[in-house]
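This briefing is meant for a reader meeting the structure for the first time. Please look over the sequence and the model below before turning to the points that follow.

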Amino acid sequence: MNKLITYTVRILPIFLLVILTVSNVKAQKGVTHFEVDQCQSLEFSVIEWPGDRYTWSLYTELQWDTVNFARHDGNVEPVPYFQKGMYEGSTVTVNWLDPGRYFLRVVVWDEVNCTNNLLVFSIDVKEHKPEALVEGSEACYGDPVVFKIILTGMGPWDVTYTYGDGTATLNLNGVIEPEQTITLPPLADSFDVWVTEIVDQCNSNLVPSEKGRVVIFPKPSNSKIYHADN
């Protein structure tokens, strides 16, 4: 599932920033810059004041010294980044779908005094790639083969893996547990197993995983037993 990070601010004539909840996020330059993983959701909430109206805008591929945030609206359409397309109100949730740098602006309109105020956040969204680790194992000749595939990312996952000469393709579709125990029928010789494709809720990764080695111990050879004479 997507991770939801909540950040709440109070906006006064002089901005006072109050962090209420921050989870799995790295803040730099005070509390206005964040680094989040692709497909995480970041919730911003402004403490409401009577008579205030709040509008949020999102920018990308723009530099601080070339944008007048007081005059220029964001160049990102509200959908699908703003959850349910909602970019007005004291609370918004932004879904970071693509990696890159973004700027988020909130404008506070005081409809009683006909004044406005604004605050800008910068967010670096890091690319997310699910990965798989294959843990090798050992088995005796004639016994079923058991090994593990350990997944990272945001489940559920669809996983394609192969083994031996790579001609056999097997699938795990819609698995919800990050650790999967796989059982294959008895095999005669030792072999490698690896994941060729992994897709999670956020993204896909077509780079093959490192190979795990499954060692098959050979069938013991018979030996004659001699009785010693007394």
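This is a predicted model: local features need pLDDT of at least 70, side-chain atom pairs count only at pLDDT 80 or more; totals for chains, interfaces and linings use all residues.

**The disulfide and its cysteines**

C39 counts as buried because its relative accessibility is 10%, which falls under the 20% limit for that class.

*Cysteines*

- The structure holds 1 disulfide, which joins C39 to C202 with an S to S distance of 2.2 Å.
- The torsion about the S-S bond of C39 and C202 is about 85°, and the disulfide is therefore right-handed.
- This pair links distant parts of the chain, 163 residues apart, since C39 is in the loop between β3 and β4, while C202 is in the loop between β15 (191-199) and β16 (204-205).
- Both cysteines of the pair, C39 and C202, are buried, whereas C140 is partly exposed, with a relative accessible area of 43%.

*Nonpolar cores*

- The largest nonpolar core has 22 residues, of which F44, W56, L58, W96, L104, F121 and I123 touch the most other members.
- At least two residues of this core come from each of the strands β3 (33-37), β4 (41-46), β5 (52-60), β6 (91-95), β7 (100-110) and β8 (115-126).
- Another core lies apart from this one and has 20 residues, among them I149, W157, L172 and I198.
- Leaving aside its neighbours within four places in sequence, L58 is in contact with G74, N75, V76, Y81, F82, V94, W96, Y102, F103 and L104.

*A strand hairpin*

- Strands β12 (residues 157-163) and β13 (residues 168-175) pair in the antiparallel sense over 7 bridges, and T160 stands opposite N171 in β13.
- The two strands, β12 and β13, form a hairpin with 4 residues between them, and G164 in the turn has a positive phi of about 65°.

*Backbone features*

- Most residues other than glycine have a negative phi, and most peptide bonds are trans.
- C39, although not a glycine, has a positive phi of about 80°.
- K84, also a residue other than glycine, has a positive phi near 60°; K84 lies in the loop between α1 and β6 and counts as exposed, at 79% relative accessibility.
- A cis peptide bond with omega of about 10° joins V79 and P80, and P80 lies in helix α1 (residues 78-81).
- The peptide bond from G155 to P156 is cis as well, with omega near 5°, and P156 lies in the loop between β11 (145-151) and β12.

Methods: Residues are numbered from 1 along each chain as its sequence is written. Side-chain values use heavy atoms; hydrogens and water are left out. A nonpolar core is a set of buried Ala, Val, Leu, Ile, Met, Phe, Trp, Tyr and Cys residues joined through side-chain atoms within 4.5 Å. Buried means under 20% relative accessible area, exposed over 50%, partly exposed in between (1.4 Å probe, protein chains only). Contact means heavy atoms within 4.5 Å. A disulfide is a pair of cysteine sulfur atoms within 2.5 Å. Two strands pair if DSSP finds at least two bridges between them.
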